[in-house]
Amino acid sequence: MDIKYKKINGGLTLFVYGELDECSASQAKNILDRVLMENLNVKKVIFDLSGLSFMDSTGIGLLIGRYKKLKEFSIPAYISGASLATEKVIELAGIYNIMPKF
C-alpha cells in the first residue's frame, strides 16, 4: 500500500496504490488524514484509484470517513480511475452517490 499526492489547479489528487483492505486501512487512514489536514485550502479532492489492485468493505469505510471529514470543511470529494473490480465494489456500496466519478 502506497499513497502519493499532488496539488493540481487548486485541487488535491490522492493516488492510492496496492491493496486497500483490513490489513492496510489503518496505515492508509493515518496518511490520508495527515495529508488532508495539511491541505484544507483546496477546492476539491480526487481519490485516484487507478493504482489500486484490490479493495474490500474496509476500503469503502475508509473512503466514507474521508468524505465526512472533507464535508466538514465544504470540500467536495471525487473518485477517478477505479478498475472494473474496484468500481463494482464502489457501485454496490453506493459511494458514487456521495463521491461522484471525476
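Helices (H or I, at least four residues) and strands (E, at least two) are DSSP runs, numbered from the N terminus.

Before moving on, note that this is a predicted model, where local features need pLDDT of at least 70, side-chain atom pairs count only at pLDDT 80 or more, and totals for chains, interfaces and linings use all residues. Residues are numbered from 1 along each chain as its sequence is written, and side-chain values use heavy atoms, with hydrogens and water left out.

Four of them form an open sheet, ordered 1-2-3-4, with mixed pairing; two strands pair if DSSP finds at least two bridges between them. Strand 1 (2-8) and strand 4 (77-80) are at the edges with a single partner strand each, so one side of each has no neighbour in the sheet. From one strand to the next, the twist averages 20°.

Next, select strand 2 (residues 11-20) and strand 3 (residues 44-55), which run parallel and are joined by nine bridges. Within this pair, you will find Glu 19 opposite Phe 54 and Leu 12 opposite Val 45. On to strand 4: four bridges join it to strand 3, again in parallel, and Val 45 has Ala 77 as its bridge partner there.

Contact means heavy atoms within 4.5 Å.

**The core.** Show side chains for Leu 14, Val 45, Phe 47, Leu 49, Ile 79, Ile 90 and Met 99, which touch the most other members of the 28-residue largest nonpolar core. Such a core is a set of buried Ala, Val, Leu, Ile, Met, Phe, Trp, Tyr and Cys residues joined through side-chain atoms within 4.5 Å. Buried means under 20% relative accessible area, exposed over 50%, partly exposed in between (1.4 Å probe, protein chains only).

**Last stop.** Select Ile 46 in strand 3. Ile 46 counts as buried because its relative accessibility is 7%. Beyond four places in sequence, its contacts include Leu 12, Tyr 78 and Phe 102. Ser 80 is 34 residues away in sequence, yet 6.8 Å from Ile 46, C-alpha to C-alpha.

Terms used. Axes are lines fitted to C-alpha atoms, for helices over the stretch in contact, and angles run from 0 to 180 degrees between N-to-C directions.
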